[in-house]
Amino acid sequence: MRAIKALRAVQIAEVQAPNAPTMKSSAVLCASDARSLYERGQYQSAHNRAVTSLEYSLGIFSKILQGILAASI
């Protein structure tokens, strides 16, 4: 189940990062890191990095981010 939650967070981060109004390069880098970590089986680290990407791209008060955190690993 951890892998599925991490994958979902990574996928959302990858979609949102290119649309970041500010800190776009940071959001994209974190999303890329999250994907790499996921592919190496480091699901918790991947989830954490995806959350950081979403913080950059959507902001800490985003409902999307809050939903991911509520369902966190």
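1. The largest nonpolar core in this predicted model has 18 residues, and those with the most contacts inside it are V10, A13, Y38, A46, A50, L54 and I68. A nonpolar core here is a set of buried Ala, Val, Leu, Ile, Met, Phe, Trp, Tyr and Cys residues joined through side-chain atoms within 4.5 Å, where buried means under 20% relative accessible area, exposed over 50%, and partly exposed in between, with a 1.4 Å probe and protein chains only. Helices α1, α2, α3 and α4 each supply at least two residues of this core.

2. On how the values should be read, residues are numbered from 1 along each chain as its sequence is written, and side-chain values use heavy atoms, with hydrogens and water left out. Since the model is predicted, local features need pLDDT of at least 70 and side-chain atom pairs count only at pLDDT 80 or more, while totals for chains, interfaces and linings use all residues.

3. The chain holds 4 helices and 0 strands, in the order α-α-α-α along the sequence; helices (H or I, at least four residues) and strands (E, at least two) are DSSP runs, numbered from the N terminus. A compact globule of 73 residues would have a radius of gyration near 11 Å, and the 11 Å of this chain agrees with that; the radius is taken over C-alpha atoms, and the globule rule is 2.2 Å times the number of residues to the power 0.38. The C-alpha trace spans about 30 × 25 × 15 Å along its principal axes, and 33% of the 73 residues count as buried.

4. Helix α1 (residues 2-16) has 15 residues and reaches 21 Å from its first C-alpha to its last, close to the 21 Å expected at 1.5 Å a residue, the expected span being 1.5 Å times one less than the number of residues. Its buried residues are A6, A9, V10, I12, A13 and Q16. They lie on the same side of α1, because they cover an arc of only 165 degrees around the axis, the arc being that of the directions from the helix axis to the C-beta atoms. The face turned away from this buried side carries the exposed residues I4 and V15, whereas the buried residues of α1 pack against α2 (24-39), α3 (43-58) and α4 (63-70).

5. Helix α3 can be read in the same way. A46, H47, A50, V51, S53, L54 and S57 are buried in α3; they cover an arc of only 160 degrees around the axis, which puts them on the same side of α3. These buried residues pack against α1, α2 and α4, and α3 is followed by G59, whose phi is positive, near 100 degrees.

6. I68 touches A9, I12, H47, V51 and L54. S57, in helix α3, is buried with a relative accessible area of 6% and is in contact with Q16, A17, A20, P21 and A27. L37, in helix α2, counts as buried at 14% relative accessibility and touches Q42, S45, A46 and R49.

Terms used
Contact means heavy atoms within 4.5 Å. Lists of a residue's contacts leave out its neighbours within four places in sequence.
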